[in-house]
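The sequence and the structure come first.

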Amino acid sequence: MATLITTLNIVLPIFLLIVLGLLLRLAGVLDQDGCAKMNSFCFRVLVPAMIFYNIYTADTESLASPRLLLFCLFSVTAAFGVLMLVVPRLEKDRGRAGVMVQGIFRSSFVVLGMGLATSMYPGQDMSIIAIASTVVAPLFNAYSVVALEVFSQKRPDLKKIALDVVRNPLIIASGLALLMLLSGIRFPAAVESTIHSISGTATTISLIVLGGGLTFEGMGSYRRALAVAVVCKLFVLPALFLPVAVWMGFREMELLCLLILFASPSPVTASIMARNTPGADWQLAGQIVVFSTTLSVVSLFCVIYTLLRMGLL
């Protein structure tokens with residue numbers, strides 16, 4: 001019973017913030033256009049501020065180990081490579097295939113990651129997840145561009161991919177924070193306090209905006225593609241990679257980091273990228289975000305409960 005209550009206390013705050021956003025939209029306080037603009041604000045300002053602050057204030061002795069970063073690198077790359085081969089055999093519509101690849105391998109690593117980590121380990125250093133994002137975020141962005149462009153019948157533009165990675169706000173914030181952390185350069189106290197205040201709002205606002213943007217319209221025509229993408233995203237990937245992580249000795253915060261990497265839902269940015277790629281089925285991308293987010297409440301509960309019962313988290 002204690003494990004059940006602990007798991008509920010970890011997952012429920014995330015779910016309730018998403019539900020609050022949905023209720024605010026239904027009540028007319030939020031609308032789709034407003035949520036889209038706020039999502040951009042979260043992606044460009046609030047989440048980078050959170051990433052920056054967590055790295056900037058980290059204890060250098062507690063930073064993510066090279067072993068964890070290498071596991072993130074190789075596992076995400078392996079998942080992407082396999083999906084690029086398998087998904088086109090399951091879905092013949094190329095506009096949908098690229099969207100499905102992106103929807104399965106990409107996750108809400110930063111937004112849900114920090115929320116879950118804070119719920120599970122309140123008051124502890126979150127730098128492991130922040131540092132891991134410096135590897136995960138570029139991979140997600142680069143591989144997403146490749147998947148969407150390959151299946152939109154274009155040759156991948158390597159220059160565009162490189163620019164997308166370099167200009168990504170999360171990468172800029174991570175690089176700047178790492179530079180300042182390792183060099184010992186510090187901001188004045190007033191600036192640090194301001195960044196801390198901004199970063200403290202990132203998870204809450206991002207989750208509310210995520211809920212406000214959820215819509216369940218038009219799912220009928222995507223039933224098969226949705227089922228494949230959501231099942232693979234929430235169940236198949238965690239079942240493949242988490243046992244390997246446990247076997248390699250990852251525990252507690254490091255294992256939670258990998259759990260978030262593979263078991264969290266597809267992010268809103270996946271839909272935004274698909275919308276801006278000619279030939280990609282951005283409506284399917286949006287539905288994958290909606291249903292993976294909704295059903296992740298159950299899947300995350302099951303995974304976290306199991307790992308807690310095993311004494312691994």
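Arg186 and Glu192 form a salt bridge in this predicted model, and their closest N and O atoms are 4.0 Å apart. Both partners are partly exposed: Arg186 has a relative accessible area of 41%, and Glu192 has a relative accessibility of 23%.

The count of salt bridges comes to two. The other pair is Asp281 with Arg96, where the N to O distance is 3.5 Å. Asp281 sits in the loop between helix 13 (268-275) and helix 14 (282-309), while Arg96 belongs to helix 4 (residues 94-105), so this pair ties together parts that are 185 residues apart in sequence. Asp281 is buried, at 16% relative accessibility. The two bridges are listed below.

| Salt bridge | N to O distance |
|---|---|
| Arg186 and Glu192 | 4.0 Å |
| Arg96 and Asp281 | 3.5 Å |

Helix 4 also holds Val99. This residue is buried, with a relative accessible area of 0%. Its C-alpha atom is separated by 5.8 Å from that of Ala285, although Val99 and Ala285 are 186 residues apart along the chain.

Which side chain of opposite charge is nearest to Lys233? It is Glu91, at 18 Å. A salt bridge requires a nitrogen and a carboxyl oxygen within 4 Å, and Lys233, though buried, has no such bridge. Lys233 lies in helix 11 (residues 223-247). A polar atom of the Lys233 side chain does lie 3.5 Å from the backbone oxygen of Ser264.

Helix 12 spans residues 252-263 and includes Glu252. The phi angle of Glu252 is near 50°, a positive value in a residue that is not glycine.

How much of helix 10 is buried? Nine of the eleven residues in helix 10 (residues 202-212) are buried, so the helix is largely enclosed by the rest of the structure.

The cysteines come next. A disulfide is a covalent bond between the sulfur atoms of two cysteines. The structure holds zero disulfides. Cys42 is in none, and its nearest cysteine sulfur, that of Cys35, is 9.7 Å away. Cys42 is buried, with a relative accessible area of 3%. For Cys232, the closest cysteine sulfur is in Cys302; the distance of 17 Å is too far for a bond.

The last topic is the surface. Leu8, Leu12, Phe15 and Leu16 make a nonpolar surface patch of about 320 Å². Leu12 is part of helix 1 (residues 2-26). At 36% relative accessibility, Leu12 counts as partly exposed. An α-helix has 3.6 residues a turn, so residues three or four places apart point the same way.

In brief, the salt bridge between Asp281 and Arg96 ties together parts that are 185 residues apart in sequence, whereas buried Lys233 has no salt bridge.

Key
Residues numbered from 1 in each chain as written. Predicted model: local features only at pLDDT ≥ 70, side-chain atom pairs only at ≥ 80, totals over all residues. Heavy atoms only, no water. Patch = residues over 30% accessible without salt bridge, like charges linked within 9 Å, V, L, I, M, F, W, Y side chains within 5 Å. Areas by Shrake-Rupley, 256 points an atom, 1.4 Å probe, with all protein chains shown as cover. Helix = DSSP H or I, 4+ residues; strand = E, 2+ residues; numbered from the N terminus. Buried < 20%, exposed > 50% of the residue type's maximum accessible area, 1.4 Å probe, protein only. Disulfide = S-S within 2.5 Å. Lys, Arg positive; Asp, Glu negative; His and termini not counted. Polar contact = N/O pair within 3.5 Å; in protein donor to acceptor, adjacent residues only side chain to side chain.
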